[in-house]
Amino acid sequence: MSLTRYRLDLAYDGTDFSGWARQPGLRTVQGVLEDALATVWRVPVALTVAGRTDAGVHADAQVCHVDLPESVALHPGLVGRLARMLPSDVRVRAVSAAPEGFDARFSALRRHYVYRVSTAAWGPEPLRARDTLRWPRPLDVDAMNEAGRGLLGEHDFAAYCRPRVGATTVRELQHLAWTREPGESDVLAARLSADAFCHSMVRSVVGALLAVGEGRRPVSWPAELLAARERSSEVTVVAARGLRLTGVDYPPDADLAARTARTRRRRDEG
């Protein structure tokens with residue numbers, strides 16, 4: 001049977017989801033979406049996602065793909081119909097025919113995340129309470145940025161990752177910076193970009209840097225943990241609510257197939 005691949009761009013509030021991946025008896029983003037799409041298209045639907053977010057983690061710009069029989073047509077009003085069918089905490093923004101060689105997961109060049117922290121004594125403002133961590137103690141932004149620079153580059157981030165059988169923990173952290181959010185003097189945001197992130201990596205890195213920002217750990221400590229080559233019990237995994245996937249980058253269409261093949265090869269070797 002001939003299949004056509006489609007790309008879906010979506011966003012969700014992860015607060016009331018048990019993560020992205022479908023799990024029996026649990027409300028997940030994948031489960032809710034696949035059920036709605038199967039109703040619309042009247043065929044089984046299996047989504048492949050760019051980044052499998054954990055329970056409570058949000059997404060502003062998630063990407064996934066689906067392979068459908070050629071007999072399934074995309075109707076112009078699909079996005080509007082899905083808006084009426086889906087719950088208010090998940091939205092499909094676009095569905096489009098994927099270019100040749102596109103794979104939502106393996107074609108991706110990098111993923112971007114933001115983690116928000118409020119240092120106000122009263123905590124996050126009510127409208128941001130679901131995506132901002134309360135941390136009512138002073139933080140040294142310069143110290144956290146200095147510590148973060150020691151994590152940039154390709155490393156084995158095993159100390160910061162929950163292990164998964166057969167999965168590599170080698171990642172290239174390409175960007176990490178803390179800034180104050182415009183118009184929110186008591187809110188700090190960590191922005192991180194990498195070729196990929198392993199399970200709990202962002203939340204663990206943020207937890208280590210907050211320990212530096214409070215003065216409980218020296219600036220050199222986060223980078224020193226990289227030598228551990230195994231999960232460190234000294235690192236606090238901060239709450240999921242402050243974390244958002246904000247973007248996924250892909251190469252030009254002509255380079256998609258080569259990128260997919262290269263990434264698959266690296267994963268297999270890892």
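Mentor: Let's settle one cut-off before we start: a residue counts as exposed when its relative accessible area is over 50%, as buried when it is under 20%, and as partly exposed in between. Keep in mind too that this is a predicted model.

Trainee: Got it. Is Arg 42 buried or exposed, then?

Mentor: You'll find Arg 42 in the loop between α1 and β2. Its relative accessibility is 75%. The cut-off is over 50%, so Arg 42 counts as exposed.

Trainee: What is the phi of Arg 42?

Mentor: Here's some background: most residues other than glycine have a negative phi. Arg 42 isn't a glycine, yet its phi is positive, at about 60°.

Trainee: And Ser 200, is that one buried or exposed?

Mentor: Ser 200 sits in the loop between β9 (184–194) and α4 (201–213). This residue also has a positive phi without being a glycine, near 70°. Its relative accessibility is 5%, and the cut-off is under 20%, so Ser 200 counts as buried.

Trainee: What is the handedness of the crossing of α1 and α2?

Mentor: As for its hand, the crossing of α1 and α2 is right-handed.

Trainee: Which residues in α2 do the α1 residues meet?

Mentor: On the α1 side, the contact involves Ala 36, Leu 37, Thr 39, Val 40 and Trp 41. By class, the contact has seven nonpolar, one polar and one charged residues. On the α2 side, you're looking at Leu 78, Arg 81, Leu 82 and Met 85.

Trainee: Now the strands. How many bridges join β1 to β3?

Mentor: β1 covers residues 3–12 and β3 covers residues 58–69, and they run antiparallel. You can follow the pairing through Arg 5, whose bridge partner in β3 is Asp 67, and through Tyr 12, which is partnered by Ala 59. The number of bridges joining β1 to β3 is nine.

Trainee: Which residue in β4 stands opposite Leu 10?

Mentor: β1 also pairs with β4 (residues 90–97), in the antiparallel sense and over seven bridges. In that pairing, the β4 residue opposite Leu 10 is Val 92.

Trainee: In which sense do β3 and β10 pair?

Mentor: β3 has several partners, including β2 (residues 48–49), which is joined to it antiparallel by two bridges, with Thr 48 opposite His 65. Towards β10 (residues 243–249) there are two bridges, and His 58 has Arg 244 as its bridge partner there. The sense of the β3 and β10 pairing is parallel.

Trainee: How many of the twelve residues of β3 are buried?

Mentor: Remember that buried means under 20% relative accessible area. β3 is largely enclosed by the rest of the structure, because the count of buried residues among its twelve is nine.

Trainee: How many residues lie between β8 and β9 in their hairpin?

Mentor: β8 and β9 pair in the antiparallel sense over eight bridges, and Leu 176 has Leu 192 as its partner in β9. In the turn, Gly 183 has a positive phi of about 75°. The number of residues between the two strands is two.

Trainee: Which residue in β8 is the bridge partner of Asp 156?

Mentor: β8 (residues 170–181) also pairs with β7 (residues 153–156), antiparallel and over four bridges. Across that pairing, the β8 partner of Asp 156 is Val 170.

Trainee: One last stop: how far apart in space are Ala 129 and Ala 228?

Mentor: Ala 129 lies in the loop between β5 (110–118) and β6 (133–134), and it is partly exposed at 38%. Leaving aside residues up to four places away in sequence, Ala 129 touches Pro 124 and Arg 241. Ala 228 is 99 residues away in sequence, and the C-alpha to C-alpha distance is 35 Å.

Methods: Residues are numbered from 1 along each chain as its sequence is written. This is a predicted model: local features need pLDDT of at least 70, side-chain atom pairs count only at pLDDT 80 or more; totals for chains, interfaces and linings use all residues. Side-chain values use heavy atoms; hydrogens and water are left out. A crossing is left-handed if the near helix is turned anticlockwise from the far one by less than a right angle, and right-handed if clockwise. Contact means heavy atoms within 4.5 Å. Ala, Val, Leu, Ile, Met, Phe, Trp, Tyr, Cys and Pro count as nonpolar, Asp, Glu, Lys and Arg as charged, and the others, Gly among them, as polar. Two strands pair if DSSP finds at least two bridges between them. Buried means under 20% relative accessible area, exposed over 50%, partly exposed in between (1.4 Å probe, protein chains only).
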